[in-house]
Structures are given as structure tokens and as C-alpha cells.
Amino acid sequence: MKRVLLTGAGGGVGKRLRQMLPAHYSLRLSDIEAPDDLAPNEEFMEADLADIAGVERVVDGVDGIIHFGAYSVEGLWETILNANIVGTYNLFEAARRKDVKRIVFASSNHVVGFYPRDERLTTDVTALPDTLYGVSKTFGEGLAAFYAYKHGLRVLCLRVGNFGDTPLDIRRLSIWLQPDDMVQLIRIGLEHPDLDFEIFYGASDNSRGWWDNARAYRYGYKPSGNSEDHLDAAIDGQAKLAPDPVGDYFQGGPFCSQGFAGDFERMKRRERP
Ligand code: 15L
């Protein structure tokens, strides 16, 4: 069984992965502080991603890393800079120094948030991040490619949609990722013998999905979730939301409309030959 570090172990996704991943890996957990529900059989090491010496300590001796440690929504520049930009650099650089060869990097759908909902995207499209948070994940994907090609690390970037047991609203019907499907993607990233560098969408087999995830399928991804099975939950969630013309047009939803000061009509007319 492989020894794997999970960063961001105290976050929402991390907490769920802590329940599911021990069936496949011997886990070392890390976060800025210990999760309040840490079990006696769980190994935990505290580290601030902005401190490379601490990051080197936690990556030492593992076979692979699942990097979910980040500020996971829009935030102040200083917050994003330290947690997501400096932090992700420190993680990759520490992995290189400690000879850890495999990383699964939690990127986000907000790398491409400013694409309209009627456009089907491969992972080869130009990034159109919708927030500084999305910009930091775009940086992370670039860093991942750099460490893969320049230093021989093997990296899978997952542009995660919306992880959870049910999709939270109508937008999330198109980007939902069932937990079991996430585990499948992580296992491809850590174990597939032919994987050097890839970007996949972190989404289940949603009937109204926006993304062409052909690259993931080529590596054997067989998602079992389809958000249509949870349509009622999404409709209930949507009923609690206010109308949001900008957010409802773009794939990134409220991440796009938050602080939006652009020319919406002009962006809608934008031709992409
Ligand atoms: C993300 O990247 C966030 O981390 C997550 O909290 C969700 O908001 C998700 O995107 C989303 O777009 O629904």
C-alpha cells in the first residue's frame, strides 16, 4: 500500500477523503491545524503551506501527494497569494527536493469560469479565470506542467467542479462530482503507469455536463454518478438563490458576478473564432 500525503485534510473535501482513501492508501494528513475530529489511528502533521521548511517535513517519505490545501473560494490577494500561489510553489518544490514523484493537484472549474454555459470545453481551451482564486489555480496548473516537464514529476490536475453527495443548485447539475468518482480520479493520478502530466475535469457523468472529459476517459475513468438522479435537491437549492444575470450566464456562476464591473453585453457578444 502506498504512503500518501493529503494536504487540506481539515477542509470539507479533505474530511470526506479521509473516510474514503484509507481503503487504498496509508494516509498522512496535513493542514494548518489539526482537524477537530482526528482519530487516534490517523497520522497528522501540522504545516503552513507558506513555510517551505514545514512543507518539506510533511512531504518527506511519502510516495505521492494529494494537494487539496488551499483557500478554496475568492479571497483577498494576500490570502490567495500565500495559501494558493506561494503554498502551491512550496508544495511542488518540496516534492522535488524530497523526490516525491506523484502529485494530484486540486485545480478548479474557476480556471475556465468566464466561458458561457452553452460552450462545451475540452481541457485544452485558453484559461478564462473568474476570480483571483481561479487565477491561482491557473498558476497551479502551469506550475504542475513545469515540474512535470522540467523535473520529471508526474502530475494530474483536477479541475474540480462541485464535490458532494448532491448538487447544490442548477449550475452544480452541470459540474457535480460524486465522491466515489473523485476517488477514482485520484487513483488514476497516483497509480496510472502512463500518466506524466494531464488536466482532467473533476466531474461525474452528468447528463447536462459542460465539459468534454475525453482525456480522463482515455485513462480509464468510468464515473458512476449523474446529477440528474438528484434533480430535486438541486431545484430546492436553486429556489433559495436570488436571480443573478451575470452568474447565470457564465459557467463560474456567482464567482463571475462577485464584484463584476465589466461590460456584460459586450462579453456575451464576444466571438471566439
Ligand atoms: C470551487 O472551486 C470551490 O472550491 C467550491 O467550494 C465550490 O464553490 C466549487 O468551486 C463550485 O464552483 O461550485
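**Exercise 1. Determine how strand 1 (residues 2-7) is joined to strand 2, and in which sense the two run.**

Step 1. Strand 1 and strand 2 run parallel and are joined by 6 bridges, where strands (E, at least two residues) and helices (H or I, at least four) are DSSP runs numbered from the N terminus, and two strands pair if DSSP finds at least two bridges between them. The model is predicted, so that local features need pLDDT of at least 70 and side-chain atom pairs count only at pLDDT 80 or more, whereas totals for chains, interfaces and linings use all residues. Residues are numbered from 1 along each chain as its sequence is written, and side-chain values use heavy atoms, with hydrogens and water left out.

Step 2. Within this pairing, Val4 has Leu27 of strand 2 as its bridge partner.

Step 3. Strand 1, helix 1 (residues 12-20) and strand 2 form a right-handed β-α-β unit; a crossover is right-handed if, with the strands pointing away from the viewer, the path from the first strand over the helix to the second runs clockwise.

Step 4. Strand 2 also pairs with strand 3 (residues 43-46), in the parallel sense and over 4 bridges, and here Ser30 stands opposite Met45 of strand 3.

Step 5. Strand 2 (residues 25-31) is largely enclosed by the rest of the structure, because 6 of its 7 residues are buried; buried means under 20% relative accessible area, exposed over 50%, and partly exposed in between (1.4 Å probe, protein chains only).

**Exercise 2. Check the span of helix 4 (residues 132-151) against its number of residues, and find what covers its buried residues.**

Step 1. The expected span is 1.5 Å times one less than the number of residues. For the 20 residues of helix 4 this should give 28 Å, and the end C-alpha atoms are 27 Å apart, which agrees.

Step 2. The buried residues of helix 4 include Tyr133, Gly140, Leu143 and Ala148. Their cover includes helix 3 (77-97), strand 5 (102-108), strand 6 (154-160), strand 9 (197-202) and helix 10 (254-257).

Step 3. Ala148 counts as buried because its relative accessibility is 12%. Leaving out residues up to four places away in sequence, Ala148 touches Leu153, Val155, Asp196 and Phe197, where contact means heavy atoms within 4.5 Å.

Step 4. Just after helix 4, Gly152 takes a positive phi of about 75°.

**Exercise 3. Decide whether Asp99 is buried or exposed, and describe its backbone.**

Step 1. Asp99 is found in the loop between helix 3 and strand 5, and at 53% relative accessibility it counts as exposed.

Step 2. Most residues other than glycine have a negative phi. Asp99, although not a glycine, has a positive phi of about 60°.

**Exercise 4. Give the volume of the largest pocket and name residues and elements of its lining.**

Step 1. The volume of the largest pocket is about 820 Å³.

Step 2. Among the 37 lining residues, Phe68, Ala70, Tyr71, Ser72 and Tyr133 are the closest to the centre of the largest pocket.

Step 3. Elements that give two or more residues to this lining include helix 1, strand 2, helix 3 and helix 4.

Step 4. On a 1 Å grid over the protein atoms alone, a pocket is an open set of points with protein on both sides within 12 Å along at least five of seven lines, a 1.4 Å probe defines a cavity as points where it fits but cannot get out, and lining residues have an atom within 4 Å of a point. Grid points are joined across faces, edges and corners, and a volume is the space filled by probe spheres set on the points.
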